[in-house]
Amino acid sequence: MYSTRQRLRMGTPHLLMGTILLVLCPVTSAADEREVLGEALFSDANLSLNRNQSCSTCHDPSVAFSDGRDGDVSGAVSLGDDGLSLGDRNAPTLTYASLIPTFQRGEDGNYVGGFFRDGRAATLIDQLAEPFTNPLEMALPDIAAVVARVQETPSHVSLLENIYGDRVFDTQEGAFQAIRESIAAFEQTARFGPFDSKYDRYLKGEYALTKEEELGRVFFFSQLTNCHRCHLLETKEFTAGETFTNHRYHNIGIPTNTVVREHNGLPSTYTDTGLLQNPAVDDPVVAGQFRVPSLRNVAVTGPYMHNGVFEDLLTVVLYYNRYTLGNPTSQINPETAMPWRPAEVPDTIDYDLLRTGQPISARQARALVAFLKTLTDQRYEALSER
């Protein structure tokens with residue numbers, strides 16, 4: 001099994017071949033050129049301080065644009081460019097991320113959308129401004145350094161000038177904006193959101209769900225569970241293009257990932273308050289809330305929750321089951337054989353949400369997992385079957 005970095009190194013000739021093909025078969029529009037450039041920038045490890053980390057390192061195309069590295073923390077959070085620094089939150093998949101709405105506060109007073117786990121980047125373009133200069137990620141000192149690294153690659157320069165004009169490098173801010181727009185164009189291609197999973201094919205009559213998958217589907221969409229309350233954008237079933245998230249924020253009582261904290265150097269007094277760390281938010285009632293993620297490709301993008309504290313998808317289902325009223329089961333974390341640890345932010349847990357629904361059996365929990373696996377894009381189905 002090759003590491004992500006080994007795969008990236010082996011992929012370099014393919015990128016070069018792509019450049020050759022581009023010369024032989026010119027793209028026909030600025031939009032196409034922008035996507036080609038965006039993919040090249042996304043995969044360029046030169047755009048980090050030590051020239052060994054790209055966007056695709058933490059968002060690996062081979063594992064649904066999530067981070068497949070272990071990092072001595074079971075993959076819960078990502079290693080930085082220096083090979084030592086660790087973040088505190090799990091890197092989410094970028095599949096279907098371009099469909100996340102702009103961060104805003106709805107008429108009901110609840111927050112929705114935005115990028116990162118706390119929505120602190122309002123849009124996809126805003127999100128792309130941070131990783132290059134984040135000291136825990138690609139660690140370049142400033143945007144001028146990012147632009148300078150881009151200018152080291154003649155094909156990047158040529159495409160940027162073709163798309164944005166000869167004066168694209170006149171200002172650092174303008175060049176950096178063009179770089180981010182190009183990567184965003186790539187992230188909005190069908191490669192990131194093909195809607196071709198078994199569930200999508202089932203909706204088209206092209207796939208027959210197994211008995212277990214069908215049972216899981218029934219439970220997911222029924223009033224017996226509360227899955228649909230957060231993990232449906234539309235209120236009705238059989239909706240094509242469903243992203244399986246309402247993009248809202250909740251505190252569901254997730255415990256601290258103590259293994260990560262032991263490795264990343266944060267003090268024992270540190271508390272991740274989630275949405276409250278968004279500079280646009282100052283209401284303490286939202287402490288501990290995190291944006292509801294899409295369930296697309298969830299079976300192949302573990303570990304789970306905002307801090308990667310759970311390794312197995314079945315554990316996540318059982319974690320939710322523990323909250324249902326009158327439920328004597330699911331009170332033990334199967335990964336530790338111990339009771340679930342207390343919430344990192346206990347005072348604002350949304351018990352009204354979590355206690356909705358009825359307890360489910362072990363068989364029904366497994367069926368839910370089987371259904372969730374049907375939300376895997378076709379190109380990643382082999383991963384979900386391991």
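**Notebook: a cavity and some backbone angles**

I looked up the largest cavity and found that D88, T256, N257, R261, D272, H306, N307 and E344 line it. The model I am reading is a predicted one. I noted a volume of about 40 Å³ for this largest cavity. I then asked how many cavities of 30 Å³ or more there are, and the count is 1. I sorted the lining residues of the largest cavity by type: 4 are polar, 4 are charged and none is nonpolar. As a reminder to myself, a probe the size of a water molecule is rolled over the atoms to show where empty space is left.

Next I turned to the backbone.

I looked up the bond between G302 and P303 and found a cis peptide bond, with omega about 5°. I placed P303 in the loop between β4 (290-291) and α12 (313-321).

I checked F195 and read a positive phi near 50°, in a residue other than glycine. F195 sits in the loop that runs between α7 (172-187) and α8 (198-203). Is F195 buried or partly exposed? I have F195 down as partly exposed, because its relative accessibility is 21% and buried means under 20%.

I checked F244 as well; F244 is not a glycine, yet its phi is positive, about 60°. I found F244 in the loop between α10 (227-230) and β3 (249-250).

Definitions and conventions: Residues are numbered from 1 along each chain as its sequence is written. This is a predicted model: local features need pLDDT of at least 70, side-chain atom pairs count only at pLDDT 80 or more; totals for chains, interfaces and linings use all residues. Side-chain values use heavy atoms; hydrogens and water are left out. On a 1 Å grid over the protein atoms alone, a cavity is a set of points where a 1.4 Å probe fits but cannot get out, and a pocket is an open set with protein on both sides within 12 Å along at least five of seven lines; lining residues have an atom within 4 Å of a point. Grid points are joined across faces, edges and corners, and a volume is the space filled by probe spheres set on the points. Ala, Val, Leu, Ile, Met, Phe, Trp, Tyr, Cys and Pro count as nonpolar, Asp, Glu, Lys and Arg as charged, and the others, Gly among them, as polar. Helices (H or I, at least four residues) and strands (E, at least two) are DSSP runs, numbered from the N terminus. Buried means under 20% relative accessible area, exposed over 50%, partly exposed in between (1.4 Å probe, protein chains only).
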